[in-house]
Amino acid sequence: MKQLAARAHREERGLTLVELLVAMTLSLIVLTVAGSFLVSSQKASVTASSVSQNTRIASVAMNEMGRVLRAATDNPVPTGDDSQYAFQYASATSIRFFAYVNLESTLSQPVEVQLTLDPVAKTITETKWVGTAVSGNSAYYSFPLATGATLTSTPTSKRILASTVASTTAFTFSDSDGDPLGASGAVAPSDLPNIRSVGVFVAIGSSATDPNRVTLTNTASLPNIVMGAS
C-alpha cells in the first residue's frame, strides 16, 4: 500500500512539472508575440512620423516655389533700354527671375527672385532682391543683373525653403508649344524669353534610397509673361 501511494505521489508530482513547463512555454510564446507587436508598432510610428515630416517639408517648399513662379513677369524698362525678360538665368538647379508683385505686402513693387537647389548641402534656398526705383520715373525699377547662376549683389532676403533634399535636379522648362528648353544644361540666353512653364521636382529624405522619401512634382504656368524673343 505504501508503495502504491508513493508511486501515485510521484506521478502527481511529475504531471505538475509537465504542466508547469507547458505554462512556461506558452508564456514565452505570448511574450514573444507581444514583444514583436510592440517593436512593429514602434517601427510603424517612426515611419509614419518620418513620412509626415518629409511631406510637410516638401509641401511648404513646393507651395512657395509655385507661388513665386506664377508671379514671374518681364520687367518693364524706360524706352531705349534693353528689355529685361522675366528669366535672367535658368538651369536644372537654379533659376532667377523677376516677379512684378510685392510678395511681402500689398504694394505693387517688383522683386527679383532666385531659387537654388544645392545637392551637396541638400537645401533649396530662396533669395530676393527688391528693385530700386529709376530716378525720374517711379514706374520703373532696376535690379542687379548677371548672365550666370551667381548674382554677387547683396540680397534683400534669403531663406532655406527645404533641407534634407534628396533630389539632384529641381527644374525643367518648356516653351509655349510644350517643347523642352535647356535639356542638356542651362537654358541658352536666347531661349530665356521663350520659357512659358516651369516643372518643379522636390524629393525630401535622408538619401535617394530612403524608403520614407517623399516626392512632389508640379508645373507652374507663367500667365504674366507677354514678351517673346525677337
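**Paired charges, one by one**

Mentor: Let's begin with R67, which is partly exposed at a relative accessible area of 35%. For that scale, buried means under 20% relative accessible area, exposed means over 50%, and partly exposed lies in between, using a 1.4 Å probe and protein chains only. Before going on: this is a predicted model, where local features need pLDDT of at least 70 and side-chain atom pairs count only at pLDDT 80 or more, while totals for chains, interfaces and linings use all residues. Residues are numbered from 1 along each chain as its sequence is written, and side-chain values use heavy atoms, leaving out hydrogens and water.

Now, R67 has a partner, E64: the two form a salt bridge, with their closest N and O atoms 3.1 Å apart. A salt bridge here is a side-chain nitrogen of Lys or Arg within 4 Å of a carboxyl oxygen of Asp or Glu. Both residues sit in helix α1 (residues 2-70), three residues apart, or about one turn of the helix. Helices (H or I, at least four residues) and strands (E, at least two) are DSSP runs, numbered from the N terminus. E64 counts as buried, because its relative accessibility is 9%.

Next, look at E126 and R159, whose side chains meet in a salt bridge of 2.9 Å, N to O. This pair links distant parts of the chain: E126 is in strand β4 (residues 123-130) and R159 is in strand β7 (residues 157-162), 33 residues apart. E126 is buried, at a relative accessible area of 3%, whereas R159 counts as partly exposed at 41% relative accessibility. And here is how these two pairs come together: salt bridges that share partners join E64, R67, E126 and R159 into one network.

Then there's E112 with R96, another salt bridge, at 3.5 Å from N to O. Again the pair links distant parts of the chain, with E112 in strand β3 (residues 111-118) and R96 in strand β2 (residues 94-99), 16 residues apart. What about burial? E112 is buried at a relative accessible area of 0%, and R96 counts as buried because its relative accessibility is 0%.
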